[in-house]
Amino acid sequence: MHARPPIVLPEHAAFQTCAVRWVRHWNEHLFSFAIERPASFRFRAGEFVMIGLEVDGKALMRAYSIASPTWSDEIEFLSIKVEDGPLTSRLQLVRPGDQVYLGKKPTGTLVADALLPGKRLFMLATGTGLAPFLSLARDPDIYDRFSQVVIVHSTRRVSDLAYHDELTAQLAGDPLVADQALLQFHYIATVTREPFRTTGRIGQLIENGWLFQPPVLGDRALNPETDRIMLCGSNAMIKDFAHMLEGHGFTEGSNANPGSFVLERAFVG
Ligand SMILES: Cc1cc2nc3c(=O)[nH]c(=O)nc-3n(C[C@H](O)[C@H](O)[C@H](O)COP(=O)(O)OP(=O)(O)OC[C@H]3O[C@@H](n4cnc5c(N)ncnc54)[C@H](O)[C@@H]3O)c2cc1C
Ligand SMILES: NC(=O)c1ccc[n+]([C@@H]2O[C@H](COP(=O)([O-])OP(=O)(O)OC[C@H]3O[C@@H](n4cnc5c(N)ncnc54)[C@H](OP(=O)(O)O)[C@@H]3O)[C@@H](O)[C@H]2O)c1
């Protein structure tokens, strides 16, 4: 029930208005929500789009990775709640029926087309950097391109592990990828500031071989010939991993020139 009237946004030349369908709060720092997908809205798994609200008579927009798969009739996002954040201090209050603005042109480099063919795909995420990988892992195409698809998610706290149960269940309830995911998809979660079954940053899990244990099959280290990597997280995480991967012989890919790893900054910080 709405304790206030729903948010109705004025028409905007550059943005579409879309109604919120559902909202799920994970903890005091994180929430997910989905909006109706306009019939004309097309994107590739892994891309981001601008979304926002009207603040002081102007559209206040921020980049957001799309978390839902390309076939869905809704567009899902995973969002941080920044206490004094110009957008997220307001966005975290949206409810079903409220309107948000949606940009018309999704874009980004975190797409399968920017990667050379390979065998294992490792999607390495910190914090909300998980979002684009939720889209990719729910896209049937990724299971045709790679024999193994591995999401590695690192958070500070256990309650920051959004989608933990769905991912641990290897996307069992998913209408399109459940069968392939059961055989090809793996989820490795690590929590760095609370006790958990796996602790340590992703870099440590690569160095000590934790990432390459069964059910993940194949080499016990990263191999630039057959492994492909997608990175999404903070500036510091991206910088550290890009440096490390280049040291191991990986090359950064782009839409025009595919390579063995790709990256996107999930936020500046
Ligand atoms: C390509 C791209 C994709 C993005 N995708 C997402 C996404 O899927 N989900 C999402 O929540 N955010 C995403 N962001 C960040 C997003 O654009 C906003 O920064 C975020 O919504 C906060 O907006 P704000 O106006 O409240 O605060 P801002 O003024 O935008 O940010 C304030 C500060 O909060 C911190 N911060 C901002 N975003 C995050 C975050 N995601 N995780 C941790 N700390 C953060 C940073 O220190 C930042 O300086 C993305 C950013 C880029 C560039
Ligand atoms: N999540 C929270 O509980 C929390 C609480 C209060 C405020 N915030 C604010 O929210 C913002 C982002 O927090 P966040 O937790 O989403 O993101 P974050 O600080 O990037 O941490 C997410 C995960 O990434 C790891 N990490 C950070 N830098 C890395 C690097 N260079 N290489 C590899 N791994 C790295 C962290 O490990 P380490 O733990 O080892 O750093 C953690 O496991 C910050 O500005 C923070 O102040 C978050």
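Helices (H or I, at least four residues) and strands (E, at least two) are DSSP runs, numbered from the N terminus.

## Basis

This is a predicted model, in which local features need pLDDT of at least 70, side-chain atom pairs count only at pLDDT 80 or more, and totals for chains, interfaces and linings use all residues. Residues are numbered from 1 along each chain as its sequence is written, while chains are lettered from A and ligands numbered from 1 in the order in which they are written.

## Annotated domain

An unreviewed UniProt entry places the feature "domain: FAD-binding FR-type" at residues 13–113; such annotations may be inferred rather than shown by experiment. This span is 46% strand and 4% helix, and its end C-alpha atoms lie 31 Å apart.

Six strands, in the order 4-3-6-1-2-5, form an open sheet with antiparallel pairing. Strand 4 (58–65) and strand 5 (74–80) are the edge strands, each pairing on one side only. Two strands pair if DSSP finds at least two bridges between them.

Strand 5 pairs with strand 2 (residues 30–36) in the antiparallel sense over 7 bridges. Within strand 5, E74 stands opposite E36.

## Shell around ligand 2

There are 19 residues around ligand 2, and T126, G127, S154, T192 and A236 come nearest. A residue is near a molecule if its C-beta atom, placed from the backbone, lies within 6 Å of it.

Strand 8 (148–155), helix 6 (202–207), strand 10 (227–234) and helix 7 (235–247) each supply at least two residues of this shell. Helix 7 gives the most, with 3 residues.
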